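Biologist: I am new to this structure. Please show me how to read it, one feature at a time.

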Amino acid sequence: MNEREIEFQKRLLATFKIEAEEHIKEMSADLLKMEENPPHHEQIKIIEKIFREAHSLKGAARAVNLPGIEKICQSLETVFSSMKHEGRKLSVGKYDVLHNAVDCMSKILVSPEENREISELLQRIEGLISDDGSDTVRSEEYPQKYVDESMGTNAEKELPEERVADSMEEDDLIEKKREANAAGQKNDSVERETSHAKMLRVAAAKLDAIFFKVEEMLSLKQISLLRANELSRISNIMSDWDSKWSDVYSSARKTFLLQEKSETRKEGMERNPAYSDSLMEFLEWNHNRIKALEEGINGLAGNSKRDHRMIAGMVDELLEDVKKILMMPFSSVLEGFPKVVRDISRNQSKNVNLLIKGGEVEIDKRILEEIKDPLMHIVRNCIDHGIEKTEERLRRNKKPQGTISLSIHQTNSNQVEIRISDDGAGINIEKVKKSAIKSGFAKEDHINSMDDKEALSLVFQSDISTSPIVTDISGRGLGLAIVREKTEKLGGQAHVETKINVGTTFRIVLPLTLATFRGIIARVAGQKFAIPTISVEQAMRVNTNDIKQIEGKDTIFFDGNSVPLIKLQDVLRISNGKKHISGDRGNSEYLATLIINVSHKRIAFCVDEIVDEQEVLVKSLGKQLVRVRNIAGATILGSGEVVPVVNVYDLIQSAINISSSSVAKDIQQETSEKRRKTILIVEDSITSRMLLKNILESGGYTVKTAVDGIDGLSKLKTEEYDLVVSDVDMPRMNGFALTAKIRGDKKLSEIPVILVTSLGSREDRERGIDAGANAYIVKSSFDQSNLLETVKRFI
Amino acid sequence: MSESEIKDRKRILKERAKILAQEPAVRKEGLQYVNIVEFIVDNDKYGIPTDFVREVFLIKDITKIPGVPDYVMGIVNVRGQIFSVIDIKMFFHIPRGKGISNLNRVIIIRNEHMEYGIIADSIAGVKSVLSDKIVSTPLTMPEHARKYIKGVTEDQLVILDAEHMLTDKSIIVCEEV
């Protein structure tokens, strides 16, 4: 195969994947429908559809040479064909095999190159319609009751018919199949033709690319605004000039006239009138010129303002339109839900029915992608915590089958509401409160004083879970916190209502399209940053006298609550080292402050200056900066300036980390200042000695030196040391002997000894340890951090 | 001329003929050249294969990003796209010299999956280097830097291993709070 062919095969496979995914989705959904045992005529329709899906998929799989999928489809076809032509029915349990088959195909699709053993699966599929004794072998895999049902009723009844079918001539059967296929294909093509006229299939990636380009045009809008503003600033300068000019010009004129008069009167003769005339003429000409310039600039300023309005209108409209193109129905992500619900509830031996309403409602694709997991999480929660086990439900006089309903409806032109409710046990508010107290989220009396609604909203806090056990599905108390974070990021809200024994309803309100991101541009330590407007509760000036110190931390009162106040530059670690905000008064009486409120956590951040509030297009920081602490991305201002966009979730977390660590740090600093640890270096080589001294001093220790073992020992006896770092090879007394001496001395025996040496052999190391050294560092593997770390371990 | 002399001469001529008959060690078509962009950072010369260079441009501004490692100088705007810019000397742990640095040029290097800028004082130009004239990196280079260096030419031009610089995970910044 040459390169082009390989390339072609690749493309073919990619196209096949898209097609196959659709077929598989459809089949899976149809199987679920069949399982619900709909009325007979519906069943026929569904079977017909699945049959066709399997058939088309088979053909396509053959074209791209995926025999695995082809064979599975073939077996499925056989099953469906027998269902279709012979009216065979499958019992509930047998659908598992079909679901398995569909799952297996999607697995093959994900990694087609992998070799899979499918013969057993094929046997099982075909076993569904064979009716000899081999069924008993398969029965091991299913609960007995399912087999009983199928064997007892269906199989026996179908038996004679099956025989008839078998006895029919094979050709006949094939003919029949062919007809069916042809009919199916005909239907297909008719459908396609009609839909062609109104709909166009475009790859999402292409639309995304267009969307990004349209989004880029926002900067065009910003630039045009910037230009318009510049021009009107210049035109203001001109009108300043205009008023000044008319003052001066009229007085100049008068002066000239007076002068002329007085001169003629005095001298009785004209004296150099040409001079003043030409000057006046020039002034006149100059005035006219500048007047013309002024008019030109005024016109330009006006035009550019109009242009800006036009550009802004066009860009906004275009962006709105493209956003609408990128809207997708909820059903596109909800398709998988029934299957997941089925699987989980079976696993937990619960009986759950999922009702989906309003799947046709369309919403911004990006919102849909973000909200899919949170929705799934809530549904899982409903099964896991909400719906009770069947016996439990019966005891409470409920229907044995639990119901989860997921309904979506558009509440107004740009808002959609998703309600997920179950008819399960409800949330025990007392348990929520207990969990909240246990996790230390708030003080006990504060939580106890909450009303039910407030307390219930605690379930959205992380680390709060009512579930006594953590399962792989839920119970860690993290899921609902993520649900809320995601919802808020999208500009929506999440609520919960519950009634014991009746059920729980989660309500998520979302915008239909993602609004263009707006940001507050603020200056922090001289540099501009953008802060998402949506997270800023208020931008305000704080009088430095209103800053109170609570437990050593700066706090302001806002909206009746005390809110911690922290410098944004400290959180971003571009600080200039001043600890308390109240400490650097004097510069100005007021501080520009932004109150940021995220997930009900509120912190006031003060900045140098608030510059502007505008639309911003958040871009990634480039491929090399995958994720940066506190920074979500960057935006480009109209001036071309690049401004980092702050990640408020990180910011709040960092602020909490800083404020809790700063106290601890202060204490640490105090103690270390009280008494610095003293280290004695024993080393005969002057270079090594200086090197070691430098390293240890840079690590914050007081360092004394000795030139050999004897010198070291005498120093140890006269002064107090916390640790000894010694060379091994030294004149007079070597390191081993020194260590042995230290260990032998009552007063010194507790001092840790680190031997630093060029002797790297095992014997030497053992000798060192035998002598009583605490650590042994070989010079060849020596580096600075290594030494400091070792020292830190002992003192 | 004595007989032995003639013998000697014959022997010498034979030897010469043998040497001449040998194929030259380096054949013309065997010559491999690498095209590189030569640039200067802090008075040191570096080269990077042109295959990996997307473009070179002059920057006016670089926006600093808080909370990134020292070697990340910041980000720049190239016709609406944002690129991070790194200082290879910092990344390689090579101490700065005393020379005055302009650091106003950025070379964008890229492969399929990665893309970023390298800051430079000036661009010396594009040149071809014989690949067997690139000798192994001297041991005086810090250990950390040697991984990213293909070798050094006679005139002290350090040839960077662009492929490794683009695929190595340790250059990627990915930090949680």
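Modeller: Start with burial. A residue is buried if 20 or more other C-beta atoms lie within 10 Å of its own, exposed if 12 or fewer, and partly exposed in between, with C-beta atoms placed from the backbone. In chain B, buried residues make up 27% of the 177 residues. This is a predicted model: local features need pLDDT of at least 70, side-chain atom pairs count only at pLDDT 80 or more, and totals for chains, interfaces and linings use all residues. Residues are numbered from 1 along each chain as its sequence is written, while chains are lettered from A and ligands numbered from 1 in the order in which they are written.

Biologist: How many helices and strands does chain B have?

Modeller: Helices (H or I, at least four residues) and strands (E, at least two) are DSSP runs, numbered from the N terminus. Chain B has four helices and 11 strands.

Biologist: How many residues does each chain bring to the contact between A and B?

Modeller: Two residues are in contact if their C-beta atoms, placed from the backbone, lie within 7 Å. Chain A gives 28 residues and chain B gives 23. On the side of chain A, α9 (204–267), β17 (625–627), β18 (631–636), β19 (642–646) and α20 (648–674) each supply at least two residues.

Biologist: In which sense do β17(A) and β11(B) pair?

Modeller: Two strands pair if DSSP finds at least two bridges between them. β17(A) and β11(B), residues 173–174, are parallel, with two bridges. A:Arg627 is opposite B:Cys174 there.

Biologist: Now a sheet within chain A. What is the strand order of the open sheet of six strands?

Modeller: Read it as β10-β14-β15-β13-β12-β11, with mixed pairing. β10 (536–543) and β11 (548–550) of chain A each have a single partner strand, so one side of each lacks a neighbour in the sheet. Neighbouring strands are turned by 40° on average, direction ignored. For such angles, axes are lines fitted to C-alpha atoms, for helices over the stretch in contact, and angles run from 0 to 180 degrees between N-to-C directions.

Biologist: Which residues stand opposite each other inside this sheet?

Modeller: Follow the bridges. β11(A) and β12(A), residues 553–558, run antiparallel with three bridges, and A:Ile550 is partnered by A:Lys553. Four bridges join β12(A) to the antiparallel β13(A), residues 561–567. A:Phe557 has A:Ser562 as its bridge partner. Their hairpin has two residues between the strands, and A:Asp559 in it takes a positive phi near 60°. β13(A) then runs parallel to β15(A), residues 601–607, over three bridges. A:Leu565 is opposite A:Ala604.

Biologist: What about the open sheet of five strands in chain A?

Modeller: Its order is β2-β4-β5-β7-β6, again with mixed pairing. β2 (352–357) and β6 (493–499) of chain A are at the edges, each with a single partner strand, so one side of each has no neighbour in the sheet. The twist averages 15° from one strand to the next. Six bridges join β2(A) to the parallel β4(A), residues 402–412. There A:Ile356 has A:Leu406 as its bridge partner. Helix α13(A) packs on the sheet, touching β2, β4, β5 (415–422) and β7 (503–511) of chain A, and its direction makes about 20° with that of β5(A).

Biologist: Where does α13(A) bend?

Modeller: The bend at a residue is the angle between axes fitted to the seven residues ending there and the seven starting there. α13(A) bends by about 40° at A:Ile371, and A:Pro374 follows within four residues.

Biologist: Which residues of α1(A) are buried?

Modeller: They are A:Phe16, A:Ala20, A:His23, A:Met27, A:Ser28, A:Asp30, A:Leu31 and A:Met34. Their cover includes α2 (40–63), α4 (95–110) and α12 (337–347) of chain A.
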